[in-house]
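User: Hi! I'm new to this one, could you walk me through it?
Analyst: Happy to, let's look at it together.

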Amino acid sequence: MGWLLMGLSFAAAALTQELTQAQATVTVQGQTTQHAVLLPYPWDPIHRGQSGEATFELRFVLPAVPTGPYGVYLPKVGNAYSVRLNGVLLTSLGDAGDTNAYDHAKAPQFVMIPAQILLRDNLLTIHVRSDGGRRGGLSSVFVGPADEVRSAFQHDWRWRMTGSLVVVIFRLLVGSMAFCLWLTQSGPPGHTLDPKSGRRDALYLAAAAAEFFWALRVVDVRGVTVRGLRFD
């Protein structure tokens, strides 16, 4: 029975596909090019910090037309994006024409696919707007049964978000300690600041500011967005 359950588990896992090959149409500074690419597609290293847009077409074939919902897991996509399957809009976040606006590339994304629009041969189209210097682009894409893909998404979500929370709490504690030392301690003997003058040691304040700003940078992570089908 154990071997049977393990075999069923492997069979279910095999239903999820990692899509790494895409046909890309990329526009940067008014110049449009078309070529085959391998995902992930990190925007800044490839385009040297220039803003632009890209449309990625990814095909995947299913052994049979599913009767239940599927899901798409995007570990990283943005800064703004839209996702279509077989011409049907599944989800969109941000305005492709509004550069340097809200950044949706900070968190993994999960998109539900209704069974009604799935075919044996499917075309997944992802359009992204990437702002220079904001770590945009597109990771490899995972497609499979909704429960299975959502499980992988939730696992990564917990690691990324919980890990960020732990780092933020630690940084805030260290920053608070440094700030308390700045309030209560003056420069040590031989320091350029005279301990008897009542002036505080700026080193502690600098350390506190560095920790607080680092915590602010880490906590700047947008919550996940889960979208279902939406028709124009």
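Analyst: We'll go through aromatic pairs, a surface patch and salt bridges in turn. Keep in mind that this is a predicted model.

User: Good to know. How many aromatic pairs are there in the whole structure?
Analyst: A search turns up seven aromatic pairs. One of them is Tyr-73 with Phe-142: the ring centres are 5.9 Å apart and the planes sit at 25 degrees, so this pair is stacked.

User: Where in the chain do Tyr-73 and Phe-142 come from?
Analyst: From distant parts of the chain: Tyr-73 belongs to strand 6 and Phe-142 to strand 13, 69 residues apart.

User: Is Tyr-73 buried or exposed? And what about Phe-142?
Analyst: Tyr-73 is buried, at 3% relative accessible area, while Phe-142 is partly exposed, at 24%.

User: What about Phe-153 and Trp-157, how do their rings sit?
Analyst: They form a tilted pair, with 6.4 Å centre to centre and 35 degrees between the planes. Phe-153 and Trp-157 are four residues apart in helix 3, so about one helical turn separates them. Phe-153 counts as buried at 5% relative accessibility, and Trp-157 as partly exposed at 23%.

User: Which residues do ring pairs link into a cluster?
Analyst: Tyr-73, Phe-110, Phe-142, Phe-153 and Trp-157.

User: Switching to the surface: which residues make the nonpolar patch?
Analyst: Leu-172, Phe-179, Leu-183, Leu-205 and Phe-212 make a patch of about 380 Å². Helix 3 and helix 4 each supply at least two of the patch residues, and the largest share, three residues, comes from helix 3. Leu-172 lies in helix 3 and is partly exposed, with a relative accessible area of 38%.

User: Now charges. How many salt bridges does the structure hold?
Analyst: Five. As background, side chains of opposite charge can pair when their charged atoms come close. Among the salt bridges is Arg-171 with Glu-211, at 3.1 Å from N to O. That pair also links distant parts of the chain, with Arg-171 in helix 3 and Glu-211 in helix 4, 40 residues apart. Arg-171 is partly exposed at 26%, whereas Glu-211 counts as buried at 15%.

User: And which residues are linked in a network of salt bridges?
Analyst: Arg-129, Asp-131 and Arg-134. Asp-131 meets Arg-129, with the closest N and O atoms 2.9 Å apart, and Asp-131 also meets Arg-134 at 2.9 Å, N to O.

User: How buried is Asp-131?
Analyst: Its relative accessible area is 0%, so Asp-131 is buried. Arg-129 is buried too, and Arg-134 is partly exposed at 23%.

Note on methods. Residues are numbered from 1 along each chain as its sequence is written. This is a predicted model: local features need pLDDT of at least 70, side-chain atom pairs count only at pLDDT 80 or more; totals for chains, interfaces and linings use all residues. Side-chain values use heavy atoms; hydrogens and water are left out. Rings of Phe, Tyr and Trp (its six-membered ring) pair if their centres lie within 6.5 Å; planes under 30 degrees apart count as stacked, over 60 as edge-to-face and the rest as tilted. Buried means under 20% relative accessible area, exposed over 50%, partly exposed in between (1.4 Å probe, protein chains only). Patches are made of residues with over 30% relative accessible area and no salt bridge: like charges are joined within 9 Å, nonpolar side chains (Val, Leu, Ile, Met, Phe, Trp, Tyr) within 5 Å. Accessible areas come from the Shrake-Rupley method with a 1.4 Å probe; for residues, only the protein chains shown count as cover. A salt bridge is a side-chain nitrogen of Lys or Arg within 4 Å of a carboxyl oxygen of Asp or Glu.
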